[in-house]
Amino acid sequence: MIMQAFGTARRYLLVSQTISSMLSLLAFERIAKKYGVKRISREALEETREVIEELGLEMAEKAVKASRFAGRKTLMEEDIKFVTEKRE
């Protein structure tokens, strides 16, 4: 879990809530409309936001682990690219 990367479970909840509030439903509605969706329910937008949040937190956790494995405290662009590459 991301708790290891940020410390305690309480901190995890705060980070999770902050991320959720940072991702607006309007942004997801705009993306959906860009791809031809005429109407989308609030529940669908909220579910999309939750899924994206989970993926983002997973990616952040893996990137932090990659950064620490490389002996750095600073998360770099290369860490994000490393965890998002598709391995064959």
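I am working with a predicted model, where local features need pLDDT of at least 70, side-chain atom pairs count only at pLDDT 80 or more, and totals for chains, interfaces and linings use all residues. Residues are numbered from 1 along each chain as its sequence is written, and side-chain values use heavy atoms, with hydrogens and water left out.

Entry: salt bridges. I searched the whole structure and found 6 salt bridges (a side-chain nitrogen of Lys or Arg within 4 Å of a carboxyl oxygen of Asp or Glu). One of them joins R42 and E46 at 3.0 Å, N to O. The two are 4 residues apart in helix α4, so about one helical turn separates them. I also noted a network linking R72, E78 and D79: R72 to E78 is 3.3 Å, and D79 to R72 is 2.9 Å. D79 is buried at 3% relative accessibility (buried is under 20% relative accessible area, exposed over 50%, partly exposed in between; 1.4 Å probe, protein chains only). R72 is partly exposed at 22%.

Entry: R49. I placed R49 in helix α4, residues 42-69 (helices are DSSP runs of H or I, at least four residues, numbered from the N terminus). R49 is buried without a salt bridge, and the nearest side chain of opposite charge, E46, lies 5.0 Å away. The R49 side chain does reach the backbone oxygen of L23, at 3.1 Å.

Entry: α3. In this helix, residues 25-34, I found L25, F28 and A32 buried. They sit on the same side of α3 because their arc around the axis is only 65° (taken from the directions from the helix axis to the C-beta atoms). R30 and K34, on the other side, are exposed.

Key: Lys and Arg count as positive and Asp and Glu as negative; His and the chain ends are not counted. A polar contact is a pair of N or O atoms within 3.5 Å; within protein, one must be able to donate a hydrogen and the other to accept it, and residues adjacent in sequence count only if both atoms are side-chain atoms.
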